[in-house]
Amino acid sequence: MTMTCLGIGIGVSNSIAMGKAYLLARRGYRATPRWVQQSEVEAEVERFQQALATAAQHLKSVRRQIPESIASDITEFIDTHLLMLEDSALTDVPIALIREQLCGAEWALQIRRDALVRVFDEMDDPYLRTRKNDVDHVVHQIQKILFNHGQAQEENLEKRVILAPDLTPADTILMRHQGIAAFVTEYGSPMSHTAILARSLGIPAVVGIRNVTRFHRDGEQLVVDGRHGVVIADADEEILAHFRRRIAEQQAHAAKLRGLRDQPAITIDGQSVGLMANIELPEDIETTRSNAASGVGLYRTEFLYMNRDSAPDEEEHLRTYLAVVQGLGHIPVTIRTLDLGADKQVDGGCPVLTPPACNPALGLRAIRLCLKEPDLFKPQLRAILRASAYGPVRIMIPMLSNLDELHKTRRIIEETKLELTGEGIAFDSDIPVGGMIEVPAAALSAASFARHLDFLSIGTNDLIQYTLAIDRVDDQVNYLFDPLHPAVLRLIKMTIDAAHAAAIPVSMCGEMAGDPRYTRLLLGMGLRTFSMQPDALLDIKHIVRSSDIRQLSRQATELFQELDMVDVGQVLEKINADAG
Ligand code: PEP
Ligand code: MG
């Protein structure tokens with residue numbers, strides 16, 4: 001048995017892939033000074049012009065690979081970059097530098113890029129400042145071709161395993177449409193938005209393997225085990241056969257679970273449990289339907305702002321929400337208002353990008369950003385309200401940390417309703433308004449929030465991040481990310497109890513809700529509604545149907561009585577084992 005194990009990282013999705021490596025060294029093309037002889041000048045100009053043409057061809061080919069159904073936003077982003085490839089600001093000056101100062105093409109482009117970025121950096125207008133991302137993106141494409149002797153290496157990412165220092169959520173969406181098999185990054189953590197997207201899109205992925213982009217050959221055959229966080233290179237036939245067997249086992253398990261699709265999510269002692277879906281992209285509609293979710297507990301709307309130059313207007317919001325509401329028939333859809341910032345950056349030049357924060361996770365994100373920028377918030381609220389005329393829709397507010405934010409948000413919602421009424425536009429006047437409990441302050445004040453909200457939803461990804469003071473995107477502190485920390489469990493329990501006392505619904509929509517290890521403990525703690533990536537729904541249903549809540553409640557009560565004295569992980573193992 002032979003293999004070269006590339007590395008062990010953190011698995012972020014429960015699937016395996018095999019494919020050829022593709023190195024994505026986005027930030028790696030920085031040219032150093034190089035000059036040419038006078039006799040070489042015209043050939044160098046020709047080389048630069050050829051690189052521009054190849055970059056344009058490449059972008060056009062990426063554009064063609066994107067399905068019509070999601071064309072508008074991503075293709076607009078690509079079109080902007082195509083226009084920039086023809087813009088004299090980026091094309092004429094490097095040519096002049098080659099001709100007049102005998103710069104090599106890469107160096108001429110680098111000088112021009114640095115000058116443009118300096119101009120953008122000095123602009124007061126935050127929107128214009130963000131345009132430098134576009135410059136960088138386009139310059140990167142051209143430099144890559146110049147560095148790679150005229151070849152646009154990204155010609156085809158289909159079935160490739162992407163190796164990159166890091167990926168943004170926007171990169172992940174774009175590459176998914178190019179048909180990648182898997183990705184492996186040097187940085188990142190399982191709770192980052194990129195990892196959550198990988199899970200929900202079913203992309204096998206491993207993060208946090210330092211130097212993975214250095215120890216490889218482009219085109220090398222790799223196996224990526226997204227469950228155990230293992231990446232293997234040069235595996236022999238025996239190893240490959242092992243992974244093929246595991247893929248077949250996974251497929252058999254999924255087929256067995258499909259038999260549960262039309263079975264109710266009811267425990268042994270007859271209690272009904274709500275199993276809802278977390279969705280984000282248009283394709284999630286189908287997986288939500290095929291896994292028979294009882295509703296959408298979290299519709300992340302940040303996707304609408306990614307890989308584009310302008311914020312979506314009210315009509316685009318509405319079209320997108322209607323596709324979901326009507327596509328899912330009668331089940332309730334909980335639309336979360338914009339949660340940009342921190343781990344959810346948009347890429348591209350979309351003007352909602354906020355100025356760089358000292359500490360993005362603690363900065364102007366989510367509802368804080370929306371309250372500061374009503375022009376950004378209002379079109380979304382109007383569209384959500386308008387969508388509510390077509391099916392059961394709920395509004396959910398992210399990152400609440402004090403009641404003042406909640407009251408301000410409710411006032412804006414009421415104003416928006418009045419506007420719509422004045423315009424004779426239909427909406428559900430009783431639309432439920434809920435809040436995410438994902439900041440410790442909100443969990444500790446859950447009783448107050450519950451008095452002013454129609455439902456609560458526990459966002460454990462952020463709740464754990466903020467309670468334990470660990471950045472959810474930093475793999476170096478990922479070992480501290482612990483859903484079973486007594487402080488976290490107490491905050492979850494306080495939130496569930498507060499909602500029950502106020503007689504309002506409470507659900508959980510963080511990743512913990514879709515992790516089968518925690519289902520029984522959460523049932524014992526009183527949680528009756530779980531919202532998760534659609535692929536996890538049947539797995540969790542399987543556990544629900546074999547659980548006895550009377551027994552789990554007893555066990556959870558005992559655990560809470562001795563929470564600081566026991567090893568919670570061991571108690572949980574026993575709870576899971578007892579239930580069989
Ligand atoms: C959470 O924080 O748990 C959550 C569901 O929201 P997001 O992961 O989108 O921040
Ligand atoms: Mg969150």
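Modeller: Ser-15 has a relative accessibility of 16%, so it counts as buried. Here buried means under 20% relative accessible area, exposed over 50% and partly exposed in between, with a 1.4 Å probe and protein chains only. The model is predicted, so local features need pLDDT of at least 70 and side-chain atom pairs count only at pLDDT 80 or more, while totals for chains, interfaces and linings use all residues. Residues are numbered from 1 along each chain as its sequence is written, chains are lettered from A and ligands numbered from 1 in the order in which they are written, and side-chain values use heavy atoms, with hydrogens and water left out.

Ser-15 sits in the loop between strand S2 (10-11) and S3. Helices (H or I, at least four residues) and strands (E, at least two) are DSSP runs numbered from the N terminus. Apart from neighbours within four places in sequence, the contacts of Ser-15 are Gly-202, Ile-203, Pro-204, Val-224, Asp-225, Gly-226, Arg-227 and Gln-250; contact means heavy atoms within 4.5 Å.

Strand S3 (residues 16-23) runs parallel to S4 and is joined to it by 4 bridges. Two strands pair if DSSP finds at least two bridges between them. Ala-21 has Val-161 of S4 as its bridge partner. S4 also pairs with strand S5 (residues 182-185), in the parallel sense and over 4 bridges, with Val-161 opposite Ala-182. From S4 the chain passes through helix H6 (residues 169-177) to reach S5, a right-handed β-α-β crossover. Right-handed means that, with the strands pointing away from the viewer, the path from the first strand over the helix to the second runs clockwise.

S4 itself (residues 160-164) has 5 of its 5 residues buried, so the strand is largely enclosed by the rest of the structure. Arg-160, Ile-162 and Ala-164 point one way, and Val-161 and Leu-163 the other.

Buried residues make up 6 of its 6, so S9 is largely enclosed by the rest of the structure. Gly-274, Met-276 and Asn-278 point one way from the strand, whereas Leu-275, Ala-277 and Ile-279 point the other way. S9, helix H9 (residues 284-290) and S10 form a right-handed β-α-β unit.

Rings of Phe, Tyr and Trp (its six-membered ring) pair if their centres lie within 6.5 Å; planes under 30 degrees apart count as stacked, over 60 as edge-to-face and the rest as tilted. The count comes to 1 aromatic pair. The ring centres of Tyr-299 and Tyr-321 are 5.8 Å apart and the planes are at 85 degrees, so this pair is edge-to-face. Tyr-299 belongs to strand S10 (residues 296-299) and Tyr-321 to helix H10 (residues 314-327), 22 residues apart, and the pair links distant parts of the chain. Tyr-299 is buried at 4% relative accessibility, and Tyr-321 is buried at 0%.
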